[in-house]
Each structure stands twice: as structure tokens, then as C-alpha cells.
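Colleague: I would like to go through this structure with you. Could you take me through the strands, the interior, the annotated site and the contact between the chains?

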There are 2 protein chains.
Amino acid sequence: MTEEQIHQKYMRAAIAEAHQAQLLGEVPIGAVIVHDGKIIACGHNMREKFQDVTYHAEMLAIMEACAAMGSWRLEECDLYVTLEPCIMCSGAIVNARIKNVYYGAKDPKAGAVDSLYHLLNDQRLNHQVHVESGILGTQCSQMLKDFFRAIRKRKKLARKKRRARG
Amino acid sequence: MTEEQIHQKYMRAAIAEAHQAQLLGEVPIGAVIVHDGKIIACGHNMREKFQDVTYHAEMLAIMEACAAMGSWRLEECDLYVTLEPCIMCSGAIVNARIKNVYYGAKDPKAGAVDSLYHLLNDQRLNHQVHVESGILGTQCSQMLKDFFRAIRKRKKLARKKRRARG
């Protein structure tokens, strides 16, 4: 397998996680963590289900990876995530000293890796992360677009029904 | 009670949490979350004990507050924490839409509220937080200084012993 094929393989696993989130009615974002060629942790957004603000895909994957490695240091680990991490998740990635981050779609409103900040490459911090973006990017962003389009459609329909009733 | 006395009361509760961390051999950082005049959640740093990178005082308090409120939105909640929050915790604070943050000591190396970044007051994000710093600041920073001084002393002693042995 080429390096690109390997990245796509792990991103497909992250996309499968995102689908799990979607089945729960959550914004479809998924992540996996890879160590030594193996997926050691995975996570999908479950903020609404558990009403916990920290339950982002990356955070859940990082917590699981810490348990799997028996260490809060994930120095030889790579994170694959379908959407550009937010500030909280970027902070956790730096704190955990994750080596490489590969993400799919950019998040212009809240992304803290390339969009609003470059938190994974701040030389003032004690760790910097190698970042590659756009891995299966179209697929990752299409999934989100479809999700939000469906929500808008449902809301429009509900408004129409209310108007028809009243 | 004056407003200052109220802030000091809650910061003393955060300091008590920090002492709990210290008893576990953890860096002494503590936090409490207040809603409607009551402490609804608390947390102290337990990163080493659980080998989980997300177990910062603020994160544990935020998770507990979400459970207490039954919501990931902590809009009417205030956070008191002995040390300036890092990037991860600042991200969680913004995501949770916490109203006010009161912290004790500045963290020039990793603080993301005033020192390295001003993440709680970024107009591009969908929430900004009112921040006050220096609440019982001397006490909060002295506790950390004492902790690190004791660690350095233990390390120096260990080196001396090794040299004497060999």
C-alpha cells in the first residue's frame, strides 16, 4: 500500500465512526487513533446523547487511547479525524503529544488547526504536531453538508406544518 | 458579603480541590463550578493517577457540571480555577458557553486566557467569556511553587544518593 492508501484506509475508519454518530442523530464526526499500524482507539461525536460538552470524537478517541497505552503521553500515535479539530480538541492533541494529525474537511467557523488558529504548530508550546489535511476531504465534508441539509429540511417542514395548523 | 468576598469563598473551594490533587502527588490545580450561588461541580488534576491527558481540574468540573445540569450548555455557570486554563480547557469553557471565569495564578508557559492566547475573548467564536484573574492569586501560585520546589529537592537528593552509591 502507498502512504496515501494507508491514510485513506484509516480515514475510512474515521468516516465509519462518523456514520455511527449520524445514526444517533449527532453531527457526523468520527476519529481513530493509530499506533504501530493498528487502530488502538476510536470515537464519534456523542455530545447530544450524553449532554456532555467534552464528548467530541477526538476527545473520546484520545481518552480511549490513553487507556489502551496506559499513559497520557501518546507520542507515537497518529490521529485521523473527519473534521478539522476545534480549540478544545487541538489542546488535547498537543497535551497528549500526538505525533501526526490527518483530517478530512476544513472547519472555517471553529477549526483551530488551520482555519482560526494554528494551535498544533505553536513553537511556544512544548510540542508541535505534523498535520495533513484533505484526506478524503470531499467525502468528509459531503457527509456534514448532507446532515445539515436534512436538518434544515426537517425544520422547514415543521414550520410549514405549524402554519397549516394555525 | 461583598462581591470580592464571594469570589474568594469560591476560590478557597477551588484551592481545597487543588490540595486534594497534591495529596495524590499531582500538580495542585483545582476548580469548582457555581450555578445560582451553589457549587454544582468540582474537580482536581488527576492526570498522573489515571494516566488520562484530559483529566485537568477544569475538564473534570465541566463534565460533572454537564451531568448536574443535564445539559452540555453551562450558560449560567461560573468557573473558578486556581491556575489560568490551558488551550484544551479554554476550548471546553467556550464550547460549554460558561459565563464567567475567575482564575488565581497566571500560567506564562501554557495559559491560553491571557498569557499565550486570549481564547475566551475571540469575537470570531460564537461565545465570549467574562474573565477576572488574580483571585487569591498569591496563594494559588505559592501552592504551585512549593510543589515544584519539593519535586526539585527530591530529585536533587536522589541524584546525591546515586552519586554516593556509585
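Modeller: Let us begin with one residue pair: B:His35 stands opposite B:Lys38 in E2(B). Please bear in mind that this is a predicted model.

Colleague: In which sense do E1(B) and E2(B) pair, and over how many bridges?

Modeller: The pairing of E1(B) with E2(B) is antiparallel and runs over six bridges. The two strands make a hairpin with two residues between them. In that turn, B:Asp36 has a positive phi of about 55°.

Colleague: Why is E1(B) described as largely enclosed?

Modeller: Five of the six residues of E1(B) are buried, so the rest of the structure largely encloses this strand.

Colleague: What about B:Val101, is it buried or exposed?

Modeller: B:Val101, in strand E4 (residues 100-105) of chain B, has a relative accessible area of 0%; since the cut-off for buried is under 20%, it counts as buried. Not counting residues up to four places away in sequence, B:Val101 touches B:Leu79, B:Ile93, B:Leu120, B:Val129, B:His130, B:Val131 and B:Glu132.

Colleague: Which residues touch the most other members of the largest nonpolar core?

Modeller: That core has 103 residues, and A:Ile33, A:Ile62, A:Ile98, B:Ile33, B:Ile62 and B:Ile98 touch the most other members. Beyond four places in sequence, the residues that B:Ile33 touches include B:Ile40, B:Ala61, B:Ile62, B:Leu79 and B:Ile98. Another core, of five residues, lies apart from the largest one; B:Met46, B:Tyr55, B:Leu60 and B:Met63 are among its members.

Colleague: Changing topic, where does UniProt place the "binding site" feature?

Modeller: The unreviewed UniProt entry places it at A:His56, A:Cys86 and A:Cys89. These residues span 34 residues in sequence, yet no two of their C-alpha atoms are more than 9.3 Å apart, so they gather at one spot.

Colleague: What is in contact with A:His56?

Modeller: Leaving aside neighbours within four places in sequence, A:His56 is in contact with A:Asn45, A:Cys86, A:Met88, A:Cys89 and B:Asn95. A:His56 sits in the loop between helix H2 (47-50) and helix H3 (57-69) of chain A, and counts as buried at 18% relative accessibility.

Colleague: And where is A:Cys89?

Modeller: A:Cys89 is in helix H4 (residues 87-95) of chain A. Its relative accessibility is 0%, so A:Cys89 counts as buried.

Colleague: Which helices lie across strands in chain A?

Modeller: H3(A) lies across strand E1 (30-35), E2 and E3 of chain A, at about 140° to E2(A). Helix H5 (residues 137-165) of chain A lies across E3 and E4 of chain A, at about 55° to E4(A). Strands E3 and E4 of chain A pair in the parallel sense over five bridges, and A:Leu79 has A:Val101 as its bridge partner in E4(A).

Colleague: Finally, how many residues of each chain are in contact with the other?

Modeller: There are 29 residues of chain B in contact with 29 residues of chain A. The area buried between the two chains is about 2,700 Å², of which carbon and sulfur atoms give 66%. On the chain B side, B:Gln51, B:Val53 and B:Trp72 lose the most area to chain A, together 24% of what that side buries.

Key. Residues numbered from 1 in each chain as written. Chains lettered and ligands numbered in written order. Predicted model: local features only at pLDDT ≥ 70, side-chain atom pairs only at ≥ 80, totals over all residues. Heavy atoms only, no water. UniProt positions renumbered as here; feature names shortened; annotations may be inferred. Helix = DSSP H or I, 4+ residues; strand = E, 2+ residues; numbered from the N terminus. Buried < 20%, exposed > 50% of the residue type's maximum accessible area, 1.4 Å probe, protein only. Contact = heavy atoms within 4.5 Å. Pairing = 2+ DSSP bridges. Axes fitted to C-alpha atoms, helices over the stretch in contact; angles between N-to-C directions. Core = buried A, V, L, I, M, F, W, Y, C linked by side-chain atoms within 4.5 Å. Buried area = accessible area lost by both parts, 1.4 Å probe.
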